[in-house]
Amino acid sequence: MDDHMIQIAVAARAAVRKKAASEGHGILNAMKANKEQLVNSMVNALNTVLQKAEEHQKNGDKGALSFISFSFLHSNLLLNRYAIRVDAWDQRFYIDEKEASADWEFLPLLQNVDFDFSSIESAVRKAVTRVQDYELDEVKRVYAMHYYAIAMDYLRGMTPICLKQVECPAVRTAPEVFC
């Protein structure tokens with residue numbers, strides 16, 4: 001990172017902290033208010049993944065499932081999309097050729113968030129000269145990763161609840177995987 005971007009990051013720090021602190025209660029309220037919707041959408045994503053895996057197994061294109069992963073996709077940041085990718089993998093993991101994936105949209109978690117970035121932009125422009133729009137876009141993307149971190153923490157807590165509700169079709173799993 002060059003010196004100019006370091007100056008931008010330092011200038012944005014206080015405004016980012018203030019914005020994150022002000023959003024905290026709204027996100028907590030959304031967690032409580034939308035718990036059922038968020039759980040149901042994750043259960044649907046998991047069911048979709050398992051159904052796709054079962055289809056691939058029937059066609060001989062996928063082995064017994066060994067892993068389910070939850071991923072942050074950088075492309076979602078670029079698209080201003082708030083979703084976690086869910087994948088089911090066989091024993092070959094990343095060289096698994098047939099995808100069995102779905103997205104868990106977590107926008108209901110952010111229903112009380114004000115996506116206005118002007119206070120942070122203003123703080124940066126006051127402190128640093130010659131700030132380009134693409135540099136501010138990078139700060140916005142870094143800040144948006146904060147939302148992904150919150151969603152992943154929430155996901156960790158609700159995963160046991162979701163797994164109890166998942167419909168396990170006739171999908172084959174590795175011996176150490178319970179379905």
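The briefing covers salt bridges, aromatic pairs and backbone angles, in that order.

The structure is a predicted model, in which local features need pLDDT of at least 70, side-chain atom pairs count only at pLDDT 80 or more, and totals for chains, interfaces and linings use all residues. Residues are numbered from 1 along each chain as its sequence is written, and side-chain values use heavy atoms, with hydrogens and water left out. Across the whole structure, a search finds eleven salt bridges and nine aromatic pairs.

**Salt bridges**

- A salt bridge is counted where a side-chain nitrogen of Lys or Arg lies within 4 Å of a carboxyl oxygen of Asp or Glu.
- Asp137 and Lys140 are joined by a salt bridge with an N to O distance of 3.9 Å.
- Asp137 and Lys140 are three residues apart in helix α5 (residues 133-165), so about one helical turn separates them.
- Helices (H or I, at least four residues) and strands (E, at least two) are DSSP runs, numbered from the N terminus.
- Asp137 is partly exposed at 32% relative accessibility, and Lys140 is likewise partly exposed, at 33%.
- Asp153 and Arg156 form a further salt bridge, their closest N and O atoms being 2.5 Å apart.
- Asp153 and Arg156 also lie three residues apart in helix α5, which means that about one helical turn lies between them.
- Asp153 is exposed, with a relative accessible area of 51%, and Arg156 is exposed as well, at 58%.
- A network of salt bridges links Arg81, Asp103 and Glu105.

**Aromatic pairs**

- Rings of Phe, Tyr and Trp (its six-membered ring) pair if their centres lie within 6.5 Å; planes under 30 degrees apart count as stacked, over 60 as edge-to-face, and the rest as tilted.
- The search of the whole structure gives nine aromatic pairs.
- The pair of Tyr82 and Tyr147 is edge-to-face, because the ring centres are 5.9 Å apart and the planes stand at 80°.
- Tyr82 lies in the loop between α3 and β2, while Tyr147 lies in helix α5, so this pair ties together parts that are 65 residues apart in sequence.
- Tyr82 and Tyr147 are both buried.
- Trp104 and Phe106 make a tilted aromatic pair, at 5.9 Å centre to centre and 35° between the planes.
- Trp104 and Phe106 are both buried.
- One aromatic cluster is formed by Phe72, Tyr82, Trp104, Phe106, Phe115, Tyr143, Tyr147 and Tyr148.

**Backbone angles**

- Most residues other than glycine have a negative phi.
- Asn80, which is not a glycine, has a positive phi near 55°.
- Asn80 is located in the loop between α3 (74-78) and β2 (83-90), and Asn80 is exposed at 62% relative accessibility.
- Arg130 is not a glycine either, yet has a positive phi of about 55°.
- Arg130 belongs to the loop between α4 (118-127) and α5, and Arg130 is exposed, with a relative accessible area of 69%.

Methods
Buried < 20%, exposed > 50% of the residue type's maximum accessible area, 1.4 Å probe, protein only.
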